[in-house]
Amino acid sequence: MAELRSEEEKYHDFLFIDVEEEYLKLPQKTLAYFKAAHSLFDAEFYVKADDDIYLRPDRLAILLAKDRAHRQTYIGCMKKGPVITDPKMKWYESSGHLIGNEYFLHAYGPIYALSAEVVGALAATKNDSLRMFSNEGCYCWIMDAFHGRQS
């Protein structure tokens, strides 16, 4: 950590977020990232990308520069699928009864981008007023913010 802090002081290339590093805390960590990024940077889009993907910034810039009919934009690797309600299974969703049998269409972990309007809505929302679900694959709070609802 001392080396990372030293590099951050020199290059300002890290953002330290005070969130417990645990797989089941990924939705909280992602929300904390978007809130911190929104408070530090004035941007049209905020992007969350895993460190183990091959990112083409040139193609991402082209995608984000496109004109859109709506200012509330949510872009990513989209998927939907069954909600795992068996506690013995790896992707068990403890709040599965609130979702139903299938997750709605949503962007999942590897990369997604949110417009400033969506991130602004998230940043203005108190953490305890958002319903977080267990798996990284379902950041349900993002979709609710995108639709202008809190749940």
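The model is predicted. The protein has 151 residues, and 34% of them count as buried. Six helices and three strands make up its secondary structure. Along the sequence these elements follow the pattern α-α-β-α-β-α-β-α-α. The accessible surface amounts to about 10,000 Å². Carbon and sulfur atoms account for 52% of that surface. Contacts were also examined by sequence separation. Among those between residues at least 6 apart in sequence, 67% join residues at least 24 apart.

The three strands form an open sheet. Their order is β1-β3-β2, and the pairing is antiparallel. β1 (45-49) and β2 stand at the edges of the sheet. Each has a single partner strand, so one side of each is left without a neighbour in the sheet. From one strand to the next, the twist averages 15 degrees. In general, the strands of a sheet pair through backbone hydrogen bonds, in either a parallel or an antiparallel manner.

Strand β3 spans residues 106-115 and is joined to β1 by five bridges. These two strands run antiparallel. β2 (74-79) is likewise antiparallel to β3, and five bridges join the pair. Tyr112 in β3 takes part on both sides. The bridge partner of Lys48 is Tyr112, and Gly76 stands opposite Tyr112. β3 is mostly covered, with eight of its 10 residues buried. A residue counts as buried when its relative accessible area is under 20%.

α3 (57-65) lies across β1, β2 and β3. The direction of α3 makes an angle of about 140 degrees with β1. Helix α5 (residues 116-123) also packs on the sheet, where it touches β1 and β3. The direction of α5 makes about 100 degrees with that of β3.

α5 has a helical partner as well. Helix α2 (residues 26-40) packs against α5 with the axes 9 Å apart. The angle between α2 and α5 is about 110 degrees. Angles of 65 to 115 degrees count as roughly perpendicular, and α2 and α5 are therefore roughly perpendicular to each other. On the α2 side, the residues that meet α5 are Leu31, Phe34, Lys35 and His38. On the α5 side, they are Ala116, Val119, Gly120, Leu122 and Ala123.

Glu117 lies in helix α5. This residue is partly exposed, with a relative accessible area of 28%. Glu117 touches Arg71 and Gln72, leaving aside residues up to four places away in sequence. The C-alpha atoms of Glu117 and Glu44 are separated by 8.2 Å. Along the chain, these two residues are 73 residues apart.

Thr73 is found in the loop between α3 and β2. Thr73 is buried, because its relative accessible area of 8% falls under the 20% limit. The side chain of Thr73 has a polar atom 3.2 Å from the backbone oxygen of His70.

How values were computed
Residues numbered from 1 in each chain as written. Predicted model: local features only at pLDDT ≥ 70, side-chain atom pairs only at ≥ 80, totals over all residues. Heavy atoms only, no water. Helix = DSSP H or I, 4+ residues; strand = E, 2+ residues; numbered from the N terminus. Buried < 20%, exposed > 50% of the residue type's maximum accessible area, 1.4 Å probe, protein only. Polar contact = N/O pair within 3.5 Å; in protein donor to acceptor, adjacent residues only side chain to side chain. Contact = heavy atoms within 4.5 Å. Areas by Shrake-Rupley, 256 points an atom, 1.4 Å probe, with all protein chains shown as cover. Pairing = 2+ DSSP bridges. Axes fitted to C-alpha atoms, helices over the stretch in contact; angles between N-to-C directions. Parallel < 35°, antiparallel > 145°, perpendicular 65-115°, else oblique.
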